[in-house]
Every structure is written in structure tokens, then in C-alpha cells.
Amino acid sequence: MWQQPVLAPELAAAHKAELAGDFSTAEAIYGRLVATRPDPVLYQRLGLVRHMQNKFDAAAESFTAAIKLDASLWTSHLFLGIDLYRLNRFDEAENQLESSDRVHPGEQETAFWLGATALARHDFLNGFIRLETFLQRDPKNAEVLRMLAEAYADHGTALLNELGNRYPNSPAGLIVQAKALEFEGAYAAALDMYRSALALDPGRPELNDSISRVQVLLKQTAQSSTKN
């Protein structure tokens with residue numbers, strides 16, 4: 001195995017370079033090591049230092065090599081999925097992220113990238129549901145909030161059409177429609193949707209927050225209209 005003493009000095013040097021943020025030096029060392037002793041963990045480390053340098057193509061090659069040697073390396077599946085996402089290869093990215101989730105279920109980072117990839121593939125319902133679930137555990141995550149806001153604003157009309165045909169009366173479908181309407185400023189319609197979703201799924205306490213928020217927005221809109 002790669003941990004044998006003969007490799008210890010080079011491994012120590014690679015680890016030291018990583019800790020110092022000298023990823024190019026670490027990459028060179030790991031590259032030499034895998035050339036003479038292919039090992040899944042070494043390939044994974046090589047992929048990670050390449051990823052840290054935004055070398056997504058090269059990183060993807062390293063993670064692919066790691067997985068071929070050991071398919072249980074969920075971190076390699078995860079980062080291969082991220083790198084494929086960065087390369088706009090969204091279908092392949094989703095496959096790897098799903099593999100990561102199977103090998104190591106419940107990882108927040110995997111959940112985020114699965115949601116982001118679903119949106120990139122225009123699978124809006126799945127993407128919104130995944131990222132909304134993510135927000136239940138990390139409600140102040142600015143990146144997820146930004147991504148959801150942009151996606152709702154950009155794709156609200158298409159999403160409403162899709163949901164109207166496929167999932168018109170499911171709690172998840174109603175919530176997504178409500179959020180799309182909220183971002184469009186149609187607060188009264190959004191409020192009706194949120195209330196309908198809560199009636200179908202009263203076990204979702206975040207819906208009460210959504211209803212309260214939209215009620216405040218409706219009140220503010222009414223006050224503004226009165227002043228004008």
C-alpha cells in the first residue's frame with residue numbers, strides 16, 4: 001500500500017504543501033506517486049489538490065481513477081460530481097452525486113450539489129425540493145437562498161406550467177408554485193397556495209413562517225397603495 005515507509009517522506013512533503021496552500025507542489029508530488037504506485041486514496045488526494053486550483057478537467061480524471069480502484073470513496077464521487085457540474089456536464093454530475101449519496105447518505109454538501117445540479121438540468125421541482133430541504137437544516141445559507149431566488153425569478157412561469165400538468169395538488173407542488181408567485185409579487189395568490197399546502201401537510205412548520213411573511217408583504221403593499 002501507499003503508506004509504506006518508502007513513501008513516507010514524499011507523503012509528508014505533500015501533506016505539508018497542502019496545509020501551506022501550496023497545491024501545485026502537492027499536485028506534483030501526488031502525480032509522481034500515482035505514476036509509480038496507483039492507489040485510490042492517492043488519486044483522491046491528487047484530485048482534491050487539482051480541484052483547489054480550479055483544474056476541473058484534470059481533477060475529474062483523478063477522481064475517476066480513484067473510483068475505478070475503490071468505488072466506496074464517497075468523497076471522490078462527490079468531488080467528481082462537483083467538477084462535472086463546473087464543466088457543464090450536468091447529467092454525469094448528477095450520476096456521481098447520487099452515487100456519493102448512496103455510499104454516504106445524508107451529507108449536506110451532497111444535498112446542496114444535487115439540488116444545484118437539478119436546477120442546472122431544468123428539473124426545477126426536484127431542485128427546489130432538494131434545496132428547500134437543505135434550508136431546513138441550514139436556513140441562513142446565503143448561497144442557497146440566492147440560488148433559489150434566481151431560479152424562482154427566472155423560471156417561475158415555466159415551473160408553474162410544468163407543475164400544473166404534473167403535480168398540481170401535491171404539497172411540494174403547491175409550495176413551489178407559492179414561492180414562484182411570491183417572487184413575482186403576487187402575494188394574495190401565493191398566500192392561498194401556502195395555505196392549501198399547509199392544509200395538505202400540517203406537519204411542515206416552515207409553512208407557517210411563509211404564510212406570516214406573505215401576510216406582512218400583503219399588508220405593506222396595501223399600505224403603499226393607500227399612500228399613493
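The following paragraphs lead the reader through this structure, from the whole chain to single residues and then to a pocket.

The model is predicted, so local features are reported only where pLDDT is at least 70 and side-chain atom pairs only at pLDDT 80 or more, whereas totals for chains, interfaces and linings use all residues. Residues are numbered from 1 along each chain as its sequence is written, and side-chain values use heavy atoms, with hydrogens and water left out.

The protein chain contains twelve helices and zero strands. Here helices (H or I, at least four residues) and strands (E, at least two) are DSSP runs, numbered from the N terminus. Along the sequence the pattern is therefore written α-α-α-α-α-α-α-α-α-α-α-α. Of the 228 residues of the chain, 42% count as buried. Buried means under 20% relative accessible area, exposed means over 50%, and partly exposed lies in between, with a 1.4 Å probe and protein chains only. A contact means heavy atoms within 4.5 Å. Among contacts between residues at least 6 apart in sequence, 44% join residues at least 24 apart.

Helix α1 (residues 8-19) includes Ala14. This residue counts as buried because its relative accessibility is 0%. Not counting residues up to four places away in sequence, Ala14 touches Ala26, Ile29 and Tyr30. Ala14 and Ala28 are 14 residues apart in sequence, and their C-alpha atoms are 8.5 Å apart in space.

The expected span of a helix is 1.5 Å times one less than its number of residues. The buried residues of α4 are Phe56, Ala59, Ala60, Ser62, Phe63, Ala65, Ala66 and Ile67. What covers them includes α3 (40-52), α5 (74-86) and α6 (90-103).

Helix α5 has 13 residues and reaches 18 Å from its first C-alpha to its last, close to the 18 Å expected. Eleven of its 13 residues are buried, so α5 is largely enclosed by the rest of the structure. Among these buried residues are Thr75, His77, Phe79, Ile82, Asp83 and Tyr85. The cover over the buried residues of α5 includes α3, α4, α6 and α7 (108-120). Just after α5, Asn88 takes a positive phi of about 65 degrees.

Which residues does His51 touch? His51 lies in helix α3 and counts as buried because its relative accessibility is 13%. Not counting residues up to four places away in sequence, His51 touches Phe56, Ala59, Phe79, Ile82 and Asp83. With the side chain of Asp83, the side chain of His51 makes a polar contact (2.6 Å). A polar contact is a pair of N or O atoms within 3.5 Å; within protein, one must be able to donate a hydrogen and the other to accept it, and residues adjacent in sequence count only if both atoms are side-chain atoms.

Thr117 belongs to helix α7. At 0% relative accessibility, Thr117 counts as buried. A polar atom of its side chain lies 2.7 Å from the backbone oxygen of Trp113. Leaving aside neighbours within four places in sequence, Thr117 is in contact with Tyr85, Phe90, Ala93, Glu94 and Leu97. One of these, Phe90, is found in helix α6. The C-alpha atoms of Phe90 and Thr117 are separated by 6.1 Å, although the two residues are 27 residues apart along the chain. Phe90 is also in contact with Tyr85, Ala120 and Arg121, again leaving aside neighbours within four places in sequence.

A pocket is defined on a 1 Å grid over the protein atoms alone, as an open set of points where a 1.4 Å probe fits, with protein on both sides within 12 Å along at least five of seven lines; lining residues have an atom within 4 Å of a point. About 440 Å³ of space lies in the largest pocket. Of the 19 residues that line the largest pocket, the closest to its centre are Glu132, Leu135, Lys179, Ser210 and Arg213. At least two lining residues come from each of α8 (124-137), α9 (142-166), α10 (171-183) and α12 (206-227). Helix α12 gives the most, with five residues.

Conventions
Grid points are joined across faces, edges and corners, and a volume is the space filled by probe spheres set on the points.
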